[in-house]
Structure formats: structure tokens, C-alpha cells
Amino acid sequence: MFVHKVVVPVAAMVIFLLFWEALVWAMGWPNYKMASPSDLWPAYVKYADLFVINSWQTLWRTVAGLGLAIIFGTLLGMVMGFSRIMREALYPLLVGFNAVPKATVVPIVALMFVGAHDFNTVLIAFMISFFPIAVSVSIGLSTLEPEYRDILAALGASKVTIFWKIALPKTLPEFFGALKVSVTLAFIGTNLMEIVSPHGRGLGALFDSGKTNSDYPLMFAVLIALAALGILLYYVVIALEKALAGWAVRD
Amino acid sequence: MSDAPLIDIKNVTHTFQTKSGPLQVLDDLNISVREGGFCAVVGPSGCGKSTLTRLVAGLLKPDEGEVWLHGERVKSPRSTVGMAFQNPVLLEWRTILQNVMLPMEIVPTKTTKKQQEERARYLLALVGLEGFEDKRPSELSGGMRQRASLCRSLVHQPDVLILDEPFGALDAFTREDLWQTMHKVKEKEPFTGLLITHDLRESIFLADQVVVLSGRPARAQYVLDVPMDGPRDLEHLYTHEAAEMLTILRHQIEIAQGRAPVGSPAEPA
Ligand SMILES: Nc1ncnc2c1ncn2[C@@H]1O[C@H](COP(=O)(O)OP(=O)(O)OP(=O)(O)O)[C@@H](O)[C@H]1O
Ligand SMILES: [Mg+2]
């Protein structure tokens, strides 16, 4: 268990870093083309407090956006899952909304709410990540076999009871499937805004300052920090899934 | 109230509005079942049998006619009804015991949690699922899941049990096992039963009255009284009387399907 869950992934990570180091060394790439892992370490040491502050900025705004996406996506999914009319009305709108590349929305939002940087960032993280959740919840609810409803409805149970006792738990596996996608998307949203919007907050801004100062190891160091945060968030979702929908996992 | 039927379906007509226009499924249907009786309903596929169960359970309202249970007109679902389907619909996130106890979370009872659990365990033992209380549904065979589903439909002591092809997806041996379990359960748990089935042998083995429905829209085309009472064993299915009843029912089904004229060839002399 320990070997599979910890040793194997860590070993893979180490091999990857060694390979990266070796590749940069063998190709003789200069720093501005490709920094190697050994260049990153000094960057982390030098900017340690900046990394801590900005990682926290990125993290909390991503989680806030994702939290809103979960609440709004679930409510929207419920509305579409329970009412066919709402489903037919909202689906095209939603698909169209999702099709708009968020990179084009970022400058618009940044202009719309000038100065409200936290708000902007959370908004983009939210906008980019609620779609999978809404779709999965609506599909989960609308494909609930009538018998599942009937075992409780036949006893006079209310719609709310049926939702809490059956529909909601039954959609949890799909919900978590979507959440794994959304958590990555929210992260991308946060970073888009941080890079574009000139407020100097978050890992995206740190990346941007690395770019301005031609500090290439810093830019790569930010990328790796982002990856680490992404992995952290992803595994939080996995842990939640295990706790709440572990019954659906067969191993 | 000795003579009044416990389940009384009176002149029920029902039509669904579908995309391709109205679809009438039940036409002036009459069925009554006495208290403690067990009525099997057979009929061609798609004639409206499941619709009938949903009407009796109060999940649907008939366009015309009335359904009465226990001398009261059914207007909405009521907790004195238990239901089981071909699909056992056990909740995968609950153990077997928790699945069986589900109805008691809905139906108001005066019993304590402990008494409820005892009742669920008692029923599970009755159908032969002792020792499986803490298993997940996916760890059980199809027949065992159906047994658990049966326990769930009975746990809140309903006086009407509605079964919609509960054994339809099981193999022949498992099905015969469950028939015998049904008799055992019926002996201990008093209920009035309405059983939908495709299996004529099942209908005469379990029920004391078999109603043959016509093709859609369904009417009660033929009613057969099964002159056997109480528990029976499988040998009964191979007696002369059983063979005669099966012949009659088979012929009635052929008429309902439109494959035989409304004549007399197979009717007993
Ligand atoms: N909610 C509904 N809306 C529209 N049509 C329906 C609905 N429910 C059932 N029907 C139609 O009514 C007819 C009867 O359905 P029902 O399920 O009652 O048949 P059944 O006798 O139980 O069939 P089977 O033997 O296959 O189980 C079918 O043609 C079905 O397509
Ligand atoms: Mg049916």
C-alpha cells in the first residue's frame, strides 16, 4: 500500500527531474532556453517569502472560485436535472458560454471590474470551472432510473427527501469526476488573471515579473510551484471523493 | 369490513400523452383483491401492467375510475404500501441492513432505532440472508439482492404489497427458490398482494387469483381462481389441475396477444 501510494510516485518524480537535468546538460541549453532543476533551487531560496505569499494568494482565490463553481454548478445542475424545460432552455446557452475561450474574457473582466483584483480572479476561476460540475449533476439527476425515485415516492416521501437520500448520493461519483476536471480549470483561470492583470499578486504575477526581469530560472520555478499546488488540490479532491463516494470505487 | 375487498380497482382508464399522440393503456379495468388475498396479473408485454402498479401505489392518478385501498380512495402515495420491482434498486452506498431499513426513515413509526434494526434483521433471516447484513449490494448475487429488496418492501409492515415482475430477471432455479421463500414470508407477514408476472407457473404457484389482461389498452379479459390455499410445494405444478389451469391461461394469453381467435379450442370442456 505504502509502496504503491508513495514510493512509486515519488520515484517517478525523481526520475523525471534527473532526466530533465540530464537533458539540459546534454543539450547544453542556456538558462533562457530551458532551466534545469538545479537552477531552480537557488530561485526558491532567493524568493522564498515571495513564493509563500503568492502561492497562498493563488491557492485561496482558486479555492474560492472553485467553491462558488461547486455551489452554482450544483444548483444549476439540479435545475436542469429536474426540469426538462430548463434543460432544453439552458443547455445551448451553457455550451456557448463554455465555448468562449476564457483567455479572451480575462481582459474584459479585468476592465469591467478595474481594481477589484481578488474579485476578478475569483470570478474567472469560477467561470472557467463550473461547467463540468453543472453538466455532470444535471446528467446524473436526469438519468436517475424511475425505480430509484419510486421506492421512496411510493411511501409518500417528498422530492427533497428523495433528493437527499437517493439522487444526491447517487450522483456523487459523477460529481467528483467533474470536480477533478474543474479543480484544474479553476487553477488555470486564476493564473490567467494573475498574469494579465497588473496587480502583482499570485504566482502568475511572480511569473510575469520573472519574465520582465529575464529571470528564467524564476519563471521555471513558478511553473513547478504551480504544478505542486495543482497536485495538492487534486489530491484534496481525491481524498474527499474517497471519504464521500468511496463506495463507487472498486479495486 | 369482511366482504369489502382490500384492493379495489374500479373502472380505471388511463391514457398517456406521448410525443406521437395519446396512448391509451388501461380501459375500464376492474380488479378486486380480498384482504389477505394474492392476485397475479399477467398480460402481453407493454399492455399496461406497470402502469397499473403505479396507479395502485398512488404514483399516478387514473384519468377515469378509482382505486380504493382499505376502504379509502387512493389519491396520493401512502405508507401502508410496499413495492418491489424487477430491478432490486438497492443503494450501493448502504449496507444490506441499511438498505432494508430505508423505508422506516420515511414512514413515521413509534418504534425505536433498535427495534427497527431488529425487525430488519428478522426479515433478512426469514428470507435466508442471515450473515449478509453488513455486505454491500454489489457483493450479493442477483437472487440475494432480490431477497433483500423484498425485505425492504415489507419492513414497514405494509398491508398491501405490490410486486412488479420481481423474479423476472432471475434464472429458473433461483426463481423457484424465491417462490418458496414468498410462501414462507406470506405465512409470517400478513399482506394483500398484487403480483405482476410474465410466468404463468409463477402466477398459479403464488396467487389465489390470476387476472389475464387484454392487449393494450388493457381490460381484465379473464379471471382464474386458483383453488389452492396457503403454502404449496413445487410438486403442485405437475398435477393435473395445474396443467389444466396453465392450458387455460396460455390460451387466454394467446387471445390477448391476438394470436388466437376469441373462441373455445383450449377452453376446458
Ligand atoms: N410515463 C409514460 N409516458 C408515456 N408513455 C408511457 C409511460 N409509461 C408507460 N408508457 C407506455 O405505456 C405502455 C404500457 O407501459 P407499461 O410499462 O405499463 O407496460 P407493461 O405491461 O408493464 O410492460 P412490460 O410487460 O414490458 O413490463 C407502453 O407502451 C409504454 O411505452
Ligand atoms: Mg412492466
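## Basis of the description

In this predicted model, local features need pLDDT of at least 70 and side-chain atom pairs count only at pLDDT 80 or more, while totals for chains, interfaces and linings use all residues. Residues are numbered from 1 along each chain as its sequence is written, chains are lettered from A in the order in which they are written, and side-chain values use heavy atoms, without hydrogens and water.

Buried here means under 20% relative accessible area, exposed means over 50%, and partly exposed lies in between, with a 1.4 Å probe and protein chains only. Helices (H or I, at least four residues) and strands (E, at least two) are DSSP runs, numbered from the N terminus.

Leaving aside neighbours within four places in sequence, Ile31(B) is in contact (heavy atoms within 4.5 Å) with Ile7(B), Asp8(B), Ile9(B), Cys39(B), Val41(B), Leu52(B) and Val211(B).

## A pair of helices in chain B

The axes of helix 4 of chain B and helix 5 (residues 172-188) of chain B come within 11 Å and cross at roughly 25°. Axes are lines fitted to C-alpha atoms, for helices over the stretch in contact, and angles run from 0 to 180 degrees between N-to-C directions. Helix 4 of chain B is therefore roughly parallel to helix 5 of chain B, a term for angles under 35 degrees.

In helix 4 of chain B, the residues Gly143(B), Arg147(B), Leu150(B) and Leu154(B) meet Thr174(B), Asp177(B), Leu178(B), Thr181(B), Met182(B) and Val185(B) in helix 5 of chain B.

## Backbone features in loops of chain B

The peptide bond from Arg216(B) to Pro217(B) is cis, with omega near -5°. Pro217(B) is placed in the loop between strand 9 (209-213) and strand 10 (220-225) of chain B.

Although not a glycine, His70(B) has a positive phi of about 60°. This residue is in the loop between strand 4 (64-69) and strand 5 (72-73) of chain B, and His70(B) is partly exposed, with a relative accessible area of 31%.

Gln157(B), also not a glycine, has a positive phi of about 50°. Gln157(B) is exposed, with a relative accessible area of 57%.

Methods:
Angles under 35 degrees count as roughly parallel, over 145 as roughly antiparallel, 65 to 115 as roughly perpendicular and the rest as oblique.
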